[in-house]
Amino acid sequence: MDKILVLVRHGKAQTRNQDIPDEQRELTEAGRRALRAHMPLVARRLDFEGVVLEPAQIWTSPAERAVGTAEELLASLQNEGLPIEPEMRPCTSLLGQNEDLFLDELRNTSSRVVYAVGHNPMIEDIAERLTGVHLPFATGGMAAIRVSWSAHAAVEQEPDTRLLWFVQGPEAKRWKTLIEMEHKLKSANETVHKRLISFLADPSDVETMHKFRVSIRTFRSLLAFVRPFQKKGQNASMQDDLREVVRLTSRLRELDVLYAELAEQEGVDQGLLSAVNIQCNDERGRVYRQLHGKKVRKRLSRVSAEANRIEWKRQYAWGGLPAGIVQKRFNGMVSDIYARLGALHIEDAEETHTVRKRAKRVRYAATQFADMLTADAADVSVAMEEVQDSLGALCDARVNVEIVDDFPVVGLSESALRDLMEFYEKNRRFVLASTGGTEDAPRG
């Protein structure tokens, strides 16, 4: 009677470790993800040329990595609607690399289709023994072989066989890249929540707000980096929610910076510092109430839910993400920065701010995704920080001019007004010097 043997090498497993017995080595997360994407494609090949697809059996080595592979295979066959016995059969001959015992078990089974999940060298050796062809099974590789024994053949007689197909296993490292990105995004989300808790616990500490803003900026930078690979709607939704949350804090950060810079000036009027501090505290109270409110909690809850189930575009979810594509994305972002710098008119405040913001994105990406990028990512990070610093002083001076221009001056003493105007002029002169005197005149 003809039988179909589908040989399966287990998926990518944990590396050998003296602390872990060999049989207990499990599939890596990337190995399991790769199988999950790979198995349905293979399952569609399981038309065995007229063999009645009565419920097939899955035989598996008892080793954890083989059992995990068998579990993914079973789930895939069930999802494809193919008849399969739900109970997997432990097969010690697969673990013990005993080819003769395995073939004897195959000959005597009543099942006409058997999936055998095992290890090299046996998987390759038995495939070559049956077909006469060496098939280099990578992890997750599969081969279907028609096997037939004549009714009166001696036990030691080799069966008649024919190779039906061979499908090489997936490259688990392609999914490792996606998994690492998911971990980074999840970690960035957790940091945002930790920083928010720190601010709400001690809003009077200026650094708690600054760190909260940096955590959101970092998270948004990582989302910007993975945008070409992530489903567009999910990426945009997460960005929108984070943007709206951080926008609530912008005025407070500007006032905190204003106060810090004024306080550094020798002999500054204490009444001016007190007036700015009142503005800071009023704004801090407003921000505290908003960040404690339902709208912000709802936005951040949505972001958390998405961060814990990142949805990749179909070609990456099913084909993985090669490291070369990640590097190409990074190189493109770096090239964009230098192109923008080359064409930048420094008097264009909006474009200057955009270039600075994009330099931050590249720096955060270079730092957070360093393990996926070439060694020069560290040098790029340093270069982007220099771009930030060179443009940051100008951007900060522009903000100082705007905030002082709108500052309520009623009730300030002459000394306080004089110090405020000196600070204003100092920043305005810096802007004019940086832009070659092309900046617009103040409003009043």
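**Contacts, overall form and a few local details**

In this predicted model, residues 24 or more positions apart account for 76% of the contacts in the chain with a separation of 6 or more. The chain is built from 16 helices and 6 strands. Its radius of gyration comes out at 32 Å, well over the 22 Å that the globule rule gives for 444 residues, so the chain is more spread out than a compact globule. Taken along the principal axes, the box filled by the C-alpha atoms is roughly 115 × 45 × 40 Å.

Next comes the surface. Of the 444 residues in the chain, 47% are buried.

What about sulfur bridges? A search of the whole structure turns up 0 disulfides. Cysteine 280 has a relative accessibility of 1%, so it counts as buried, the cut-off being under 20%. Cysteine 395 also falls under that 20% cut-off, with a value of 9%, and therefore counts as buried.

Most peptide bonds are trans, and most residues other than glycine have a negative phi. Asparagine 120 and proline 121, however, are joined by a cis peptide bond, with omega at about 10°. Proline 121 sits in the loop between β4 (113–118) and α5 (122–131). Glutamine 97 has a phi near 60°, a positive value in a residue other than glycine. This glutamine is also a loop residue, placed between α3 (92–95) and α4 (99–108). With a relative accessible area of 28%, glutamine 97 lands between the 20% and 50% cut-offs, so it is partly exposed.

Leaving aside residues up to four places away in sequence, valine 409 touches Leu417 and Leu420. Valine 409 and leucine 420 are 11 residues apart along the chain, and their C-alpha atoms are separated by 9.2 Å.

How values were computed
Residues are numbered from 1 along each chain as its sequence is written. This is a predicted model: local features need pLDDT of at least 70, side-chain atom pairs count only at pLDDT 80 or more; totals for chains, interfaces and linings use all residues. Side-chain values use heavy atoms; hydrogens and water are left out. Helices (H or I, at least four residues) and strands (E, at least two) are DSSP runs, numbered from the N terminus. The radius of gyration is taken over C-alpha atoms; the globule rule is 2.2 Å times the number of residues to the power 0.38. Buried means under 20% relative accessible area, exposed over 50%, partly exposed in between (1.4 Å probe, protein chains only). Contact means heavy atoms within 4.5 Å. A disulfide is a pair of cysteine sulfur atoms within 2.5 Å.
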